[in-house]
Amino acid sequence: MQKYSIFNLVKNAFSNHENWDLAWKDPTPKEEYDVVIIGGGGHGLATAYYLAKEHNITDVAIIEKGWIGGGNVGRNTTIIRSNYMHDENGLFSEFGMDLWRKMSQDLNYNVMFSPRGIINLAHSDAQMNAYARRGNSMRLNGIDAVLLNREQVKEIIPMADFSENVRFPIFGGLMQPSAGTARHDAVAWGYARQADSMGVDIIQNCEVTGFDVMAGKIKGIRTSRGNIKAKKVGICVAGSTNILAEKLNMTLPIETHLLQACVSEPVKPVLDNVVTFGAGHFYVSQSDKGEMVMGGDLDGYNSYAQRGNLPTLQHVLTEGIAMMPFLSKLKMLRTWGGIMDMSMDGSPIIDKTHIEGLYLNCGWCYGGFKATPASGWTFAHTIAQDRVHELNAGYSLNRFSTGNLIDEKGLGTKTWIS
Amino acid sequence: MLYINCPHCGMRSQNEFSYGGDASVKRPELNKEVSDQEWDDFVYNRKSLRGKHLELWQHISGCRQWIKVERDTSTHEIFRTFKANEEVA
């Protein structure tokens with residue numbers, strides 16, 4: 001594989017950049033693989049990369065129905081954070097933060113990781129207390145957290161509405177300075193390119209139509225491009241999890257819902273953090289191109305549509321304008337939607353299943369993108385060693401029947417209760 | 001915008017409704033011994049089908065009645081609506 005470097009950039013300039021290698025190949029599926037990963041999104045690509053890098057398993061295929069970068073890895077709002085209270089989520093995400101910091105060097109691909117900090121705004125004394133508690137829990141787990149009062153928040157984001165007579169005045173906020181954003185497409189492309197260079201077959205435009213299971217053991221998968229035998233199969237298909245589960249006669253604690261995001265027209269730099277509204281569900285950051293990137297609530301009913309509906313967008317942006325009134329002056333450039341695998345407690349599942357050799361990675365709800373490296377790393381470990389790592393031990397499939405829920409916000413699919 | 005034909009009030013916009021999830025889920029019978037698996041299926045596990053999906057909605061800003069709606073989860077087309085106590089064939 002050609003290394004991306006200043007020297008190669010100069011060298012290729014002499015041939016008008018026409019002779020760069022393809023970033024990844026387009027192989028025909030082989031008859032058999034050691035490991036097949038279903039889903040070529042961020043998590044699937046990262047899983048294949050860490051299988052090769054950490055466990056020396058390179059006879060791997062990634063089966064993707066669409067194309068690399070076309071699913072949720074290209075539809076998110078690129079926020080990276082580990083501001084969780086519960087140990088399971090905090091330690092897992094903070095492990096991921098470490099991988100994010102090293103990612104550009106590790107992948108030889110600039111993922112434009114920008115640790116610009118995230119501020120969760122508080123709008124009452126009770127919320128300040130709750131944030132103080134969450135911040136303390138974070139610090140106990142080695143995650144940076146700073147509790148800001150109203151004046152401190154005003155210094156960082158003076159464009160927010162600090163007037164006295166608003167419905168939700170800003171009391172302060174909880175900041176994680178090391179949180180930030182990254183270029184989401186680059187994350188997909190970087191993982192794909194490295195996985196490919198280590199021998200992983202990335203097979204696009206290939207839909208999984210069924211599974212071959214014999215005597216409780218996985219034997220392979222059926223696809224639109226023929227049957228593929230596999231010793232182990234990992235499912236990481238986010239919003240399509242229920243579709244594959246149905247083919248396996250599994251019913252999961254997952255519902256598929258639609259989440260929208262949008263960007264405004266590009267404007268001059270105004271916001272250098274990620275900011276979330278504490279009295280509803282709205283978040284905003286500014287991209288390097290100058291667009292305000294915004295998102296919030298689910299559309300609220302089961303959906304596979306990958307496109308949104310206006311009432312929710314209007315509701316979310318109303319919150320945005322309450323928080324930062326200047327947003328009302330901006331024109332909307334683009335809106336889009338992605339389908340989320342909403343788990344019933346709002347936390348993910350990375351686990352083995354009742355079928356030997358079949359592994360499940362799903363339930364990412366609102367926070368799939370930031371989990372990409374940690375999810376891939378732990379899923380690769382779970383598949384390679386046939387046992388969960390301590391980092392994903394809490395993300396078990398049976399926690400719903402044993403009662404060990406991880407209810408970070410008590411917010412899963414049931415948005416109508418939240 | 002979805003338009004839902006409330007069996008009590010007629011055609012109204014989705015803004016008047018609130019969603020209540022899969023309508024095919026049945027609470028285990030009260031006087032029967034319930035296994036962990038049955039309880040799990042009732043509380044947490046969902047098929048979340050792609051395609052035709054029978055679901056509960058509440059006409060929260062209208063008659064406040066719960067209704068059943070048969071809707072396609074990939075096209076958002078609404079086929080039929082029912083009163084909450086109507087059996088759906």
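In this predicted model, strands β17(A) and β18(A) run antiparallel and are joined by 4 bridges. Asp351(A) stands opposite Leu360(A) in β18(A). The two strands form a hairpin with 5 residues between them. In that hairpin, Gly357(A) takes a positive phi near 85°.

Strand β11 (residues 226–235) of chain A pairs with β18(A) in the parallel sense, over 3 bridges. Here Gly234(A) stands opposite Tyr359(A). Strands of a sheet pair through backbone hydrogen bonds, and the pairing can be parallel or antiparallel.

**A buried histidine**

Asn361(A) is also among the residues that His43(A) touches. His43(A) sits in helix α2 of chain A. Its relative accessible area is 12%, under the 20% cut-off, so His43(A) counts as buried. Other residues that His43(A) touches include Cys236(A), Trp364(A), Ala371(A) and Ser375(A). Gly368(A) is on that list too. A polar atom of the His43(A) side chain lies 2.7 Å from the backbone oxygen of Gly368(A).

**A buried aspartate**

Asp345(A) lies in the loop between β16 and β17 of chain A. Is Asp345(A) buried or exposed? Its relative accessibility is 3%, so Asp345(A) counts as buried. What does the side chain of Asp345(A) contact? It makes a polar contact with the side chain of Arg399(A), at 2.8 Å. A polar atom of the Asp345(A) side chain also lies 2.9 Å from the backbone nitrogen of Ile406(A).

| Helix | Residues | Number of residues | Distance between end C-alpha atoms | Expected span |
|---|---|---|---|---|
| α6(A) | 184–197 | 14 residues | 20 Å | 20 Å |

Of the 14 residues of α6(A), 12 are buried, so the helix is largely enclosed by the rest of the structure. Among the buried ones are His184(A), Asp185(A), Tyr191(A) and Arg193(A). Which elements do the buried residues of α6(A) pack against? They pack against α2 (42–55), α3 (87–107), β8 (201–203) and α9 (372–385) of chain A. Just after the helix, Gly199(A) takes a positive phi of about 110°.

Helix α8(A) has buried residues as well, including Pro311(A), Leu313(A), Val316(A), Leu317(A) and Met323(A). An α-helix has 3.6 residues a turn, so residues three or four places apart point the same way. What covers the buried residues of α8(A) includes strands β4 (118–122), β12 (254–264), β13 (274–277), β14 (282–286), β15 (292–302) and β16 (332–343) of chain A.

**Strands of chain B**

Now to chain B. Strands β1(B), residues 3–6, and β2(B), residues 10–13, pair in the antiparallel sense over 4 bridges. They form a hairpin with 3 residues between them. Asn5(B) has Met11(B) in β2(B) as its bridge partner.

Chain B also has an open sheet of 4 strands, in the order β3-β4-β5-β6, with antiparallel pairing. Which strands lie at the edges? They are β3 (18–22) and β6 (78–83) of chain B, and each pairs on one side only. The twist averages 30° from one strand to the next. Strand β3(B) is joined by 4 bridges to β4(B), residues 52–58. In this pair, the bridge partner of Gly21(B) is Leu56(B) in β4(B).

**Where the chains meet**

Chains A and B are in contact through 26 residues from chain A and 24 residues from chain B. Together they bury about 2200 Å², with 53% of it on carbon and sulfur atoms. Which residues of chain B lose the most area to chain A? They are Tyr19(B), Tyr44(B) and Arg50(B), which together make up 29% of what that side buries.

Terms used:
Residues numbered from 1 in each chain as written. Chains lettered and ligands numbered in written order. Predicted model: local features only at pLDDT ≥ 70, side-chain atom pairs only at ≥ 80, totals over all residues. Heavy atoms only, no water. Buried < 20%, exposed > 50% of the residue type's maximum accessible area, 1.4 Å probe, protein only. Contact = heavy atoms within 4.5 Å. Pairing = 2+ DSSP bridges. Axes fitted to C-alpha atoms, helices over the stretch in contact; angles between N-to-C directions. Polar contact = N/O pair within 3.5 Å; in protein donor to acceptor, adjacent residues only side chain to side chain. Buried area = accessible area lost by both parts, 1.4 Å probe. Expected span 1.5 Å × (residues − 1).
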